[in-house]
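Visitor: Could you take me through how to read a few features of a structure, one at a time, with the general idea before the case?

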Amino acid sequence: MKKSIFKRYAAAVGLMASVLMFTAVPTTSNAADDQKTGKVGGFDWEMWNQNYTGTVSMNPGAGSFTCSWSGIENFLARMGKNYDDQKKNYKAFGDIVLTYDVEYTPRGNSYMCIYGWTRNPLMEYYIVEGWGDWEPPGNDGVDNFGTTTIDGKTYKIRKSMRYNQPSIEGTKTFPQYWSVRTTSGSRNNTTNYMKDQVSVTKHFDAWSKAGLDMSGTLYEVSLNIEGYRSNGSANVKSISFDGGIDIPDPEPIKPDENGYYLKEDFESGEGNWSGRGSAKVKSSSGYDGTKGIFVSGREDTWNGASINLDELTFKAGETYSLGTAVMQDSESSVDFKLTLQYTDADGKENYDEVKTVTAAKGQWVDLSNSSYTIPSGATGLVLYVEVPESKTDFYMDGAYAGVKGTKPLISISSQSVDPPVTEPTNPTNPTGPSVTKWGDANCDGGVDLSDAIFIMQFLANPNKYGLTGTETNHMTNQGKVNGDVCEHGSGLTGDDAVSIQKYLIRAISELPESYLEGHDPSKTTTTTTRITTTTTTTTTTTTSKTTTTTTTTSPAMHGGYRDLGTPMNTSATMISDFRTGKAGDFFASDGWTNGKPFDCWWYKRNAVINDGCLQLSIDQKWTNDKNPDWDPRYSGGEFRTNNFYHYGYYECSMQAMKNDGVVSSFFTYTGPSDDNPWDEIDIEILGKNTTQVQFNYYTNGQGKHEKLYDLGFDSSEAYHTYGFDWQPNYIAWYVDGREVYRATQDIPKTPGKIMMNAWPGLTVDDWLKAFNGRTPLTAHYQWVTYNKNGVQHSSQGQNPWG
C-alpha cells in the first residue's frame, strides 16, 4: 500500500526543534504538541509527539537514548551533532562517519535513518537504514538516480521535492535527497539488533556524483527514530562520530546441503514474506494439511506477497532456482505470476517475469523456475507473487530460492487437491485430532491463562515449544487443534491467545470465538439412508430402499454471527435485505470525512456486502486524502439511502463492534448539506460497553436527549433488532420487538436519509474512551426496513430472546 510521507509540525526554537522532516505541515508548532529538547554529553537531542497523542517516552544519555511510542499520530526521537554555526560545506569536516548500536522494534509505519539539512541551497536529506511496514519515500513524485554501495551496503539514490512547505528557514520549496538501503536492515514486528556505521560524507559524495547539488553548508547530522500512526520502541545503546566500532564485512548466504539459500515452509508464521501494495499476509492453511500463508485484501492485480533478496547472495547476471507453491479457490481459473522487481543501472524500476502458470480453482500448482538469470546490472531485488488478471485472494506454501537446478521445496502431485479452506475442519474432522476441549492448548484438561501463554511461547520459540521442540512440555497436534479458537481452521496465531483471554474475562461467552470460512460445522450437510416399509391390502409386504438428503440446519450465521432478533417485516414500505447480496436503496459513502470528532475518512471499500450481510469496517487509511481543517487517521464505513423518509417505523438487524473508542450506529439524518435544518434520530452502540445502547435525537441542531439503556445481552455477540417509531408527537425506541424508551418533547419534523456507520472517535474520550488503534473492526447488518404505517411486530410486547 502506498503511504504518505510522515507529516508533522516543526517548531522554530533550538537546534532539534527547528529542523524537522516530512514537512507537508503548517509552519509553526502546534501548542498541543509534546516537544522536549536538550543537550547531553556534547549531543543535541529532541523528542516530539504531535498533539500529545498516545503514550511516548524518551530517556537521553550521552550518545545514547531509549524511546517508545504507541497509539501516536507522529513521533520522533533523535540525537546528533549541529554544524550550522560554522557555515561550511560538508567537505570541510573531513570524513563524517556515524556509528550506531541499536535495538529497533518497529510495529507499523516507522523507520530509522541518518537525517539532516544543508543551507544555501536549502536541502533535506535521509540515509535510511531500516523500516517497518513501508519503505520510504514511496514512489509518488520521486526521481531515481541509480544506486551506490557504501560500507558494504547498497542504497537507492532518490530525490523528491517539497513545494511551499515548512523548513528550517520557514515555508520554502526545497529538494529531499535519499539513500535507502535496497534491503531493509530491520523487519516489522521484530526486535532488530542493528550495529553498523554510516559513512555520511561518502553518501554526500555519491549524491554529488549523481548530479545532485551538494554545494550548501552543512546544518546537522543526527540519528533519528520516527513513527507515524504506529507503535514501537528503540534502545539506542550508542551513537558516535568516530567510526570506532568493529563492523564485520557482510557475507553472502551459503546454500545448504540441498542447494537452498532460502526456504520457507511457513510452519512458524509468515517468515520474511510481507504484503505488497494493499495485500495482507497471514499464517493459514497450506499444502496437504501443512501450514502456509493466505494473501488477501488485493485492491489491484499487482498486489501480492513479496520478499527482498540479499544482493550479496543473489547477484546480477547469475542463474538461480526460484519458486513457491500457490492455490486459489474463488475463480474457475487464473494465471499466477512470479516476478522480480529491480532497479537497473539507469535507476529505472523494472519488472521481469520469472514464471507464469495457470491454476484451476482449488488446485495447488508449482510456480517455479529452476534456471532464472537475474538481469545484468540489477539491484534492489524484490521477488513477488501476483495474479495479473485478477484480484483473488490466494494461498502460498513452500517458498524457496536455491542454486540453479534446485528442485521445488514442495513436490506437487499431478491430481487436483482440494483447497484447505473449503474442506470443513470441525471437532469431528477425521483427518486430524478431534477437539477435546476448546482453548485447552496445553492439554491439561482446563482453560486458563497458561493456555494463552503456551500459544505465545509456541509462536515465539518453535525450537523449544514447537511440535518437535526441546522442551518436555512442547506443543502437540492435539493442543494445536484445541487452541485454534479464533477463525478456527486457520491454525495457531496470536489471535487465538487473545480469544482465550477474552473468554477468561467474559468478553466473549464461548469458544471458539469464530470460524474460518468453510470450517463451521453448523454449516455442513449430511446424507442419511432411510428404510421405508409399506404393506399392501393383499398382505404382501414389500420393502423399498430410498436415499434422501437431510440438511443439518442451524440458526442464520451471516458474517459468522447468530441471529437472535425478531424477523424482518416482509410487508414494510421499504426493504433493503443485504442477505440477498443487494444494497436496496442504500449506497456507500466514499472519499470524504465528516470532521470532528469522526477520526476517519469514509471509503466504499469499508462498506461491503459479503457473506450474507453488510459489513461496515474501521481500518487503516487507504489514501493520501487530506483535509486542512481535520485530518483523520483511519478509514470508516457508512451506508446511506438515496431517498428521504419521514414518519414511520425504522428497524435494522445489527451486530455491533466491541472496542474502546468506536461507534456502531443506525439513524436518520438531514442537515445543511441537504439545505435542511439538522434533524436526526439515533441508535448508537458504543464499543466501550456493548451491553448498553444509546438513544438520542436532534431537532434543528439541538440535542442533549441522550438515554442509555441496559440491553441485558452483549450486542457484539449476535444480531439483534433495533428500531424506532417516529411520529409527530413522539419517538419510541425498540429492541428485539419491544418498546424500551419513549421521548415526547421537541420531536424532529424534517424527513431524513436512513444511515448506518462504523467509526472511531477523537477528542471525545470522555464519551467513547480513547481508541487504541486496533484494526480492522467490523459491524454487521443483515437488513434495514422502513414502514410508513408504524410498528407492525408479531412479537410486539414479548421478549423473543428469553
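This is a predicted model: local features need pLDDT of at least 70, side-chain atom pairs count only at pLDDT 80 or more; totals for chains, interfaces and linings use all residues.

Visitor: How many disulfides does a search of the whole structure find?

Guide: A disulfide calls for a pair of cysteine sulfur atoms within 2.5 Å, and a search of the whole structure finds zero of them.

Visitor: What is the count of aromatic pairs, and how are the rings of Phe695 and Tyr709 arranged?

Guide: One looks at the distance between ring centres and then at the angle between planes, where under 30 degrees counts as stacked. The count comes to 40 aromatic pairs. In the pair of Phe695 and Tyr709 the ring centres are 6.4 Å apart and the planes stand at 25°, so this pair is stacked. The pair links distant parts of the chain, 14 residues apart, with Phe695 in strand β39 (residues 692-698) and Tyr709 in strand β40 (residues 707-710). Phe695, at 0% relative accessibility, counts as buried, and Tyr709 counts as buried at 18%.

Visitor: Which residues form one aromatic cluster, and which ring does Arg276 lie over?

Guide: The cluster is formed by Tyr645, Tyr647, Tyr650, Phe666, Phe724, Trp726 and Tyr786. Arg276 lies over the face of Tyr384, at 3.6 Å from the ring centre, and the charged end of Arg742 sits over the ring of Tyr730, 4.1 Å from the centre of that ring.

Visitor: What is the order of the strands in the open sheet of five?

Guide: The order is β3-β4-β15-β6-β12, and the pairing is antiparallel. The edge strands, each pairing on one side only, are β3 (55-61) and β12 (192-199). Neighbouring strands of this sheet are turned against each other by 15° on average, direction ignored. Within the sheet, strand β6 (residues 97-107) runs antiparallel to β12 and is joined to it by eight bridges, and Glu103 stands opposite Tyr193 in β12.

Conventions
Residues are numbered from 1 along each chain as its sequence is written. Side-chain values use heavy atoms; hydrogens and water are left out. Rings of Phe, Tyr and Trp (its six-membered ring) pair if their centres lie within 6.5 Å; planes under 30 degrees apart count as stacked, over 60 as edge-to-face and the rest as tilted. Helices (H or I, at least four residues) and strands (E, at least two) are DSSP runs, numbered from the N terminus. Buried means under 20% relative accessible area, exposed over 50%, partly exposed in between (1.4 Å probe, protein chains only). A charge sits over a ring if NZ of Lys or CZ of Arg is within 6 Å of the ring centre and within 35 degrees of the ring normal. Two strands pair if DSSP finds at least two bridges between them. Axes are lines fitted to C-alpha atoms, for helices over the stretch in contact, and angles run from 0 to 180 degrees between N-to-C directions.
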